[in-house]
Amino acid sequence: MFRNREIRQFLVLFVILAFAAAAAGFVIHPAAGILSLVTAAAFGTAFFVFTKARYKNLSQISEQIDLVLHNADHLFISESEEGELSILQSEITKMTLRIREQNEALKKEKQHLADSLADIAHQLRTPLTSANLILSLLENASDVKERKTLLRETEELFVQMDWLVTSLLKLSRLDAGIVVFQEGNIEVKSVINAALRPFLIPMELHNIVLQTDIAEGARIRGDAGWLSEAVQNVIKNCIESAGDNGKIEIVCEDTPLFVEITLHDSGSGFKKEDLPCLFDRFYRGKNTDTAGYGIGLALCKTIITRQGGTVTAKNHPKGGAVFSIRFPK
């Protein structure tokens, strides 16, 4: 307390005034001088007691802040009392809790980043290992057909890696918040056609039947380019699930409350334990033979939810998977 310069200055001034008052009192009458000394002593003692209590509270607040700075688990919460210090203690407690929550969030983000980097490294290592193996086989292959087959497999691996890196970059841009969606009143039919365009030839090669039933004039608000990217990732999943000689059905329903795009494939559907995690990043399901990298559906959900929509997945009663993309009006 006495380290405070203002307290020392006040003490010096108080002593000077007290002695001046006592001297004046003794000049008037000895009893008046004694009364002045007693009164000064009483006021000085009261001031000392209350000031010490106040500085004790300030010391507790200082200790609390020190605990926060050192990330200690203990949290001091003062008793509920009226007064300015009580308000200050309450605000310090709120600040402590807020900082602690932010620290926990940062720890989780740091761990998530580390896990994501490990997953990315694993996802890239798999096609790279396969490409190296194919290149070593290609070096020793003498048959022309075999060499062409190996080259085609290598090209497919590099295409997969290019898609993976591109998707990861898009996810990172969305996570960083640097993507600005261009909101517009867009036609659903144009979004679906744009999403289907890259898959028309692969679907024809794999003999996949496509049926569409899109409500005329159905429109949603959003970014046409990013929405077609989201639908494209769902279609890609449906194609992989349907396989050769499969079937994909796309239906768009326009109601007074919402516009809903439903995609249904003829595949085997999802396992019950996979349903809650389908849109989690890098989740590939309990079946380790599942194709893909666990990126497409996560990217799809991020794009759609950022633009006010929802996306869900379930198993169809008659078989296959059903994806529902809904935008409220």
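Reader: Which helix holds both arginine 98 and glutamate 101?
Author: These two residues are 3 positions apart, about one turn of the helix. Helices (DSSP runs of H or I, at least four residues) and strands (runs of E, at least two) are numbered from the N terminus. The run that contains both residues spans 84–140, and it is helix α3.

Reader: What kind of model are we looking at?
Author: Residues are numbered from 1 along each chain as its sequence is written, and side-chain values use heavy atoms, with hydrogens and water left out. Local features need pLDDT of at least 70, side-chain atom pairs count only at pLDDT 80 or more, and totals for chains, interfaces and linings use all residues, since this is a predicted model.

Reader: Happy with that! What is the N to O distance between arginine 98 and glutamate 101?
Author: Their side chains meet in a salt bridge, that is, a side-chain nitrogen of Lys or Arg within 4 Å of a carboxyl oxygen of Asp or Glu. For arginine 98 and glutamate 101 the N to O distance is 3.9 Å.

Reader: Is glutamate 101 buried, partly exposed or exposed?
Author: Buried means under 20% relative accessible area, exposed over 50%, and partly exposed in between (1.4 Å probe, protein chains only). Glutamate 101 has a relative accessible area of 49%, so it counts as partly exposed.

Reader: How many residues apart in sequence are the parts tied together by glutamate 183 and arginine 221?
Author: The side chains of glutamate 183 and arginine 221 form a salt bridge at 3.0 Å, N to O. Glutamate 183 lies in the loop between α4 (144–176) and β1 (184–187), whereas arginine 221 is in strand β3 (residues 219–222), so the pair joins parts whose separation in sequence is 38 residues.

Reader: Which helix holds lysine 236 and glutamate 240?
Author: Their side chains meet in a salt bridge at 2.8 Å, N to O. Lysine 236 is partly exposed at 22%, and glutamate 240 is partly exposed at 39%. The two residues are 4 residues apart, about one turn of the helix, within residues 224–242, helix α7.

Reader: Stepping back, what share of the protein's residues is buried?
Author: The protein has 8 helices and 7 strands, and its salt bridges number 7. Of its 329 residues, the buried share is 32%.
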